[in-house]
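Thank you for making time this morning.

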Amino acid sequence: MIKRQEFYTNNNFQNILTLLILSLFLYSCDSNKKEAVVKPILVDKNASNKTIELHTKLETISKNGFAVGHQDDTSYGLGWNYKDDPTTIKSDVEKVTGDFPAVFGFDLGWIEMDKSYNLDTVPFNAMRDLIIDAHKKGGIITISWHANNPVSEGSSWDQTIAVPNIIKGGDQREKYELWISRVANFIASLKYEGEAIPIIFRPFHEMNGSWFWWGGKNCDAKDYITLWRETVHLLRDTHNLHNLLYVYSPNKLNPSDTYLEYYPGDEYVDILGMDIYDFNNAEDYQKSVIHDLAIVREIATEKNKVYAFSETGLESIKTENWFTEVLYPVIENLGISWVLTWRNYDKKHHYMPYNGHINEADFIKFKKLPKTIFLKDLNNLNN
Ligand code: BMA
């Protein structure tokens, strides 16, 4: 028999033990919870709420599938051009599937030259309207920038050395700052109901290739990084743009390339991207996508960053069932936030099917697959 005194002592001891176990349990739950909600730090500590929401949306998308995107989707397509008839907003993707893509790509090339239309003849005023419309519909906007060469003023593909000339101390610095102010003015004009539209900005892409003045043998990695960082400082700090998420997107890796060779640093990049095209060799293409995007995924996971298949496609899509049999199987379980195919210019140069195209039925099938997220799916996703 336990004496009264002993009974209380034992009970107390048990109570203390229970409390201790309980607090340890609660503490561990709490710290697990904290770990689960660690938010990635954005390039812009003062990013607008809409921009933070967009970033969260990209994370949510990647847990449910991937958003489907198309460059210049509403600007023009096969047999139509928005600027000829701005009364209805068209899209080859919508004509084929009955829905718009979830991601709308645009390009700012030539804004730096103070032109009224871009390098692919999209008037900037029309582009602004289409960006506002896409945002209003619930779509995601991504903007690339095929800037002219600042030294020669030739195109993006003009390989005259230019990066050392435009970074701080370079003889064309003033011009570059003027160019950036034109980019910034356009971005600042992208507003809906008085609020800045959040934009995924993807400048100086495919820098590991030598076809643009900002990459490969035309530019040192060190100078590239300086250019990127200075560009972020100009847009964010000088022009006070707080509606941008920045994407770093190299092209398909050659055997000697490393993904991070030109990487401007975790503090300067929000999203890791990758551009890979199918040059009529499905097997090679699939191999590269599997190999390279596994690298992107690994690095992005380690860095706690969102990642995307920032450009892809097969020009004129002659391979049968390309979307369901070539593209889908290699990206369905990747965890990318979006995949974007390039523009529909004409019958030779287009990356989405149009009415009457051989892959029209395949694309409709692709839309119905479990992981593809088009505009309506995106609007039905809960954050
Ligand atoms: C390329 C081609 C070009 C175009 C450029 C920028 O891939 O589509 O015709 O000018 O992109 O959009």
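This is a predicted model: local features need pLDDT of at least 70, side-chain atom pairs count only at pLDDT 80 or more; totals for chains, interfaces and linings use all residues.

Looking at individual atoms, an oxygen of the ligand is 2.6 Å from an N or O atom in the side chain of Asp120, while for the side chain of Arg343 the corresponding distance from a ligand oxygen is 2.8 Å. For His349, an N or O atom of the side chain is 2.6 Å from an oxygen of the ligand. The protein covers 75% of the 310 Å² of accessible area that the ligand has on its own.

Now to the aromatic rings, where a search of the whole structure finds 27 pairs. One of them joins Trp228 and Tyr248, whose ring centres are 6.4 Å apart and whose planes stand at 80°, so that the pair counts as edge-to-face. Because Trp228 lies in helix α7 and Tyr248 in strand β9, this pair ties together parts that are 20 residues apart in sequence, and both residues are buried.

Another pair, Tyr285 with Trp322, is tilted, with 5.7 Å from centre to centre and 40° between the planes. Tyr285 belongs to helix α8 and Trp322 to helix α9, so here the parts tied together are 37 residues apart in sequence. Are these two residues buried or exposed? Tyr285 is buried, with a relative accessible area of 2%, and Trp322 is buried as well, at 0%. Both belong to one aromatic cluster, which also includes Phe66, Phe323, Tyr328, Phe363, Phe366 and Phe374.

Elsewhere, the charged end of Lys137 sits over the ring of Phe100, 4.5 Å from its centre.

I finish with the backbone. Asp114, in the loop between β4 and α4, has a positive phi near 65° although it is not a glycine, and at 57% relative accessibility it counts as exposed. Asn280, in the loop between β10 and α8, is likewise a residue other than glycine with a positive phi, about 60°, and Asn280 is exposed at 56%.

Note on methods. Residues are numbered from 1 along each chain as its sequence is written. Side-chain values use heavy atoms; hydrogens and water are left out. A polar contact is a pair of N or O atoms within 3.5 Å; within protein, one must be able to donate a hydrogen and the other to accept it, and residues adjacent in sequence count only if both atoms are side-chain atoms. Accessible areas come from the Shrake-Rupley method with a 1.4 Å probe; for residues, only the protein chains shown count as cover. Helices (H or I, at least four residues) and strands (E, at least two) are DSSP runs, numbered from the N terminus. Buried means under 20% relative accessible area, exposed over 50%, partly exposed in between (1.4 Å probe, protein chains only). Rings of Phe, Tyr and Trp (its six-membered ring) pair if their centres lie within 6.5 Å; planes under 30 degrees apart count as stacked, over 60 as edge-to-face and the rest as tilted. A charge sits over a ring if NZ of Lys or CZ of Arg is within 6 Å of the ring centre and within 35 degrees of the ring normal.
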